[in-house]
Amino acid sequence: MNGLRNLAPALQSEIKKSELRPFMGLHINLPDPIYAVTGNATIAYAGNEWTAIGGIASIDTVGEGTDGSATGVKATLYQVPSEFRDDVADQAVRGCLYELYVGALDVAYRNVVGFKKIWVGRLDSYEITDAGETITVSAGGESRMLDQRRPAIKRFTDWWQQRRYPGDVVFQYAAKMVEVPILWAKARQDAVL
């Protein structure tokens, strides 16, 4: 089967079988991280518990534009219990890690046979649609490639330096340097203020 790029051998052999039990996974690295998978059973994988959302999810096409430009992706989770409404709304932070996975389960739908990360980006937007007992959450992600078109604005200030390199004091006195008189060698050394 050609076209299967960088798949684990177990996942590749599972795809070749006549019966496939696929699932989609979504990880959003909020302060209280979201690990969600489609299906009815919660699964444990890679040291994390992936909560079954019970409903069907949809993921927009993952790819690039025809001109090579980066595109975002939108994942929609249906039938999410309404108890998570406030958690999602309060914690959603634009720019946090956003990952999409695809995988296959064994015959009992409990153990992961193969797992593959298909997209990595950052959370760009989210929308919550309330349906009473359940909610629908649409989370949009943007690729890091979109940053190539944004100007990189850097401020050479102590505040900017502390954000990037905490404890570094290279710009601590930069603002005061404007007011320091420079005395050049001459017969009389009077400071000009």
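**View A. A patch of negative charge on the surface.** Asp32, Glu83, Asp86, Asp87 and Asp90 gather here at the surface. This is a predicted model, so local features need pLDDT of at least 70 and side-chain atom pairs count only at pLDDT 80 or more, while totals for chains, interfaces and linings use all residues. Residues are numbered from 1 along each chain as its sequence is written, and side-chain values use heavy atoms, with hydrogens and water left out. To join a patch, a residue needs over 30% relative accessible area and no salt bridge; like charges are joined within 9 Å, nonpolar side chains (Val, Leu, Ile, Met, Phe, Trp, Tyr) within 5 Å. Asp and Glu count as negative, Lys and Arg as positive, and His and the chain ends are not counted; the charge is placed at CG of Asp, CD of Glu, NZ of Lys or CZ of Arg. Asp86 sits in helix H2 and is partly exposed because its relative accessible area is 49%. (Buried means under 20%, exposed over 50%, partly exposed in between, with a 1.4 Å probe and protein chains only.)

**View B. Arg85 and Asp130 in a salt bridge.** Their side chains meet at 2.9 Å, N to O; the rule asks for a side-chain nitrogen of Lys or Arg within 4 Å of a carboxyl oxygen of Asp or Glu. The pair ties together distant parts of the chain, with Arg85 in helix H2 (residues 85-91) and Asp130 in strand S8, 45 residues apart. Helices (H or I, at least four residues) and strands (E, at least two) are DSSP runs, numbered from the N terminus. Arg85 is partly exposed at 26% relative accessibility, and so is Asp130 at 45%.

**View C. Glu99 and Lys117, another salt bridge.** The two side chains come to 3.1 Å, N to O. Again distant parts of the chain are linked: Glu99 belongs to strand S7 and Lys117 to strand S8, 18 residues apart. Glu99 is buried, with a relative accessible area of 7%, whereas Lys117 is partly exposed at 39%.

View D. Glu14, Lys17, Glu19 and Arg21 are joined into one network. Within it, the closest N and O atoms of Glu19 and Arg21 are 3.1 Å apart. Glu19 is partly exposed at 49%, but Arg21 counts as buried at 7%. The model's salt bridges come to six.

**View F. A nonpolar patch on the surface.** Tyr173, Met177 and Val180 make up this one, with about 330 Å² of accessible area together. Areas come from the Shrake-Rupley method with a 1.4 Å probe; for residues, only the protein chains shown count as cover. Val180 lies in the segment after helix H3 (158-164) and is partly exposed at 45% relative accessibility.
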